[in-house]
Amino acid sequence: MAHILIVEDELSISKLLCKSLALVGHRTCAAFTGEEACRMAQSENFDMAILDVMLPDTDGFSLLARLKPLPVLFLSARGEVSDRIKGLRLGAEDYLPKPFEMQELLARVQVVLRRGHKLAERFSLDGVDVDLDARTVSVQGAQICLTPQEFALLEALIRNRNIALSREQLLSRAWGVDYLGEDRTVDVHIQKLRKKLGWEKRIKTIYKLGYRLEYRP
Amino acid sequence: MKTAKLWHRQYAATLLLFLCVFYACVFFLSQSSFLSAFRSETQAVVREHAMIARSIWIEQAALQSRGGTSEAAEQAIAAEYGAYYGRRGMYLCYFDAAGKALYSNMPEGLMPERADAGILQTAPDGKGVRYFLLTGPAGTGFLSYAREAETLLDGQRRYSLLLVGVAALFALSMAMGLYVMLRRVYRPMDRLAHELRTPLTAIHGYAQYIALGALREEERMEAARFIEAESGRLRGVADTLLSLSTLRYGEASMERIRVAALFQRVSKIYPQLHTTVETPFITGDAALLESLLINLVDNAVHASPEGMSIELIARENRFFVLDRGTGMGEAACRRLNDPGAGGAPSGKGTGLGIPLCHEIAAMHRAKLRFYVRDGGGCVARLEFLQSSDNSKMKWKQRYGSMGKKGKENPS
């Protein structure tokens, strides 16, 4: 998965970002000042950076120029339209105001990574190999057939592994936002997925919420 | 184009509305004043024309009664009046009944017409100077009367320019006043919104992390600890806000305080504090002054390397807090010295500590100022303006502004 630089001076939020991104399989490095971020960016190869605008020694807007060409997602308490426009005009890939929804942050990170072709397209677990790009799935080396909805469900679970997704979220991802089907449809397809992949214990049912693919290496 | 903040837009809209109404009033004032002067001037023109016309009629009637009038006699009468009024800046042109001009001393280029009879108008001469011009019956013929209008028009132009200039100055001062006032109201709110967002982000994020993530027990516990810590921070912001609100509208109990005892209480919290007491007593609210000193010392401790000594000095009517920490720039100093700016530009605190200190200082009729210390670090100076040592008095002090600038460093 991707290697992401987190530049945030608030310890609690920095740790939250690192932990949330680590849940879905990303590797992270935390910097608390602009100088530290520049040093890290020079010494390591990152796929993208998540940048706070207000830092103790500099502001994120000026730091953005020093981190180029690293794709940057701004995360700031300054959520005014003028700040967002400034950030985007300076070349940021995205701008997310605080407080943010964890799933929204993960989705936006995914978009930035996909745009830079840095998103991992292969996933392996318990003898199951999934190629998200070629849309193929093999179990113990033997290819199996999944319906488009089953594959879309599988992709959503893999991209958000260790994060619970509600039935509504799964429905909208696999069937589209306009689909008027019942939540029960998701349950049926999840049962089929579990059976086909042998992931009865990996895809957990979260009470009164939905499902979560659990995989902690 | 840079998108403006909401309050900038509100400011611009208010200012625009004000300018529209204000300049409409100025225009109305200028026009009404001009119309009044114009009316009185035209009335004078009509009055004088009537008077001359009547005089000519009387003279012609007298000639008629003595045996008849002639073109030459009418011309002579008109010339006599023309010469007399010409010396007073009024010009005449006399036409006979057939419309033939018998006499004229009109300025060059000013050509009255017999057909314009009964119409009061302003007309320019060959040099562009404007005149009031009125033509009407006079005896057996018609009389055109002209009187210079340039003085009135020029006066009106100057008056309008003066009015616009004064209005522009007034509008500029109003615009600046309004901006300063709105900034004073909105800037602490901006800062507060930011200070609330940070703990809220953490609490919200960790709550989602616990609810949605596949976590181990220790991860869950750590997230819960962060939620607890950030809730405490949120409570701190609320407490500070409450203190600020109480201070702005409340009372301070002023009493004679032993400075050594006050410093000792602060030293108990910060063992690295090195105190010097040259002023034995000060008048003030002990609890509030202690809170203020704790705030200042806490800032100094956070800015200094661990274990480095901080100095707290009482000298004459001043308290000083000196550190050799990371220091700050002149811009940060200016920001700290502005009671309405809302504290340091970035930091780990609530950002409301400095405004609280300014409020406490204002209640004690004291001035709080921050300076960059020579050789690195920072100086916070609290100067009590009143030297009264009255025992037990209560007074209300609403929010006050900082006074003149001055740099003093006891080190």
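Predicted model: local features only at pLDDT ≥ 70, side-chain atom pairs only at ≥ 80, totals over all residues.
Local features need pLDDT of at least 70 and side-chain atom pairs pLDDT 80 or more, while totals for chains, interfaces and linings use all residues. Residues are numbered from 1 along each chain as its sequence is written, chains are lettered from A in the order in which they are written, and side-chain values use heavy atoms, without hydrogens and water.

**View 1. Gln156(B) in helix H3 of chain B.** Gln156(B) is buried, at 11% relative accessible area (buried means under 20%, with a 1.4 Å probe and protein chains only). Beyond its neighbours within four places in sequence, Gln156(B) is in contact with Ser30(B), Ser33(B) and Phe34(B) (contact means heavy atoms within 4.5 Å).

**View 2. Helices H1 and H5 of chain A.** The axes of H1 (residues 11-23) and H5 (residues 102-115) come within 11 Å and cross at roughly 65°. That makes H1(A) roughly perpendicular to H5(A) (65 to 115 degrees). Leu17(A), Ser20(A) and Leu21(A) of H1(A) make the contact with Met102(A), Leu105(A), Leu106(A) and Val109(A) of H5(A).

**View 3. Helices H6 and H7 of chain A.** Here the axes of H6 (residues 148-159) and H7 (residues 167-175) come within 8 Å and cross at roughly 125°. On the H6(A) side, the meeting residues include Leu153(A) and Leu157(A); on the H7(A) side, they include Arg173(A) and Trp175(A).

Definitions and conventions: Helix = DSSP H or I, 4+ residues; strand = E, 2+ residues; numbered from the N terminus. Buried < 20%, exposed > 50% of the residue type's maximum accessible area, 1.4 Å probe, protein only. Axes fitted to C-alpha atoms, helices over the stretch in contact; angles between N-to-C directions. Parallel < 35°, antiparallel > 145°, perpendicular 65-115°, else oblique.
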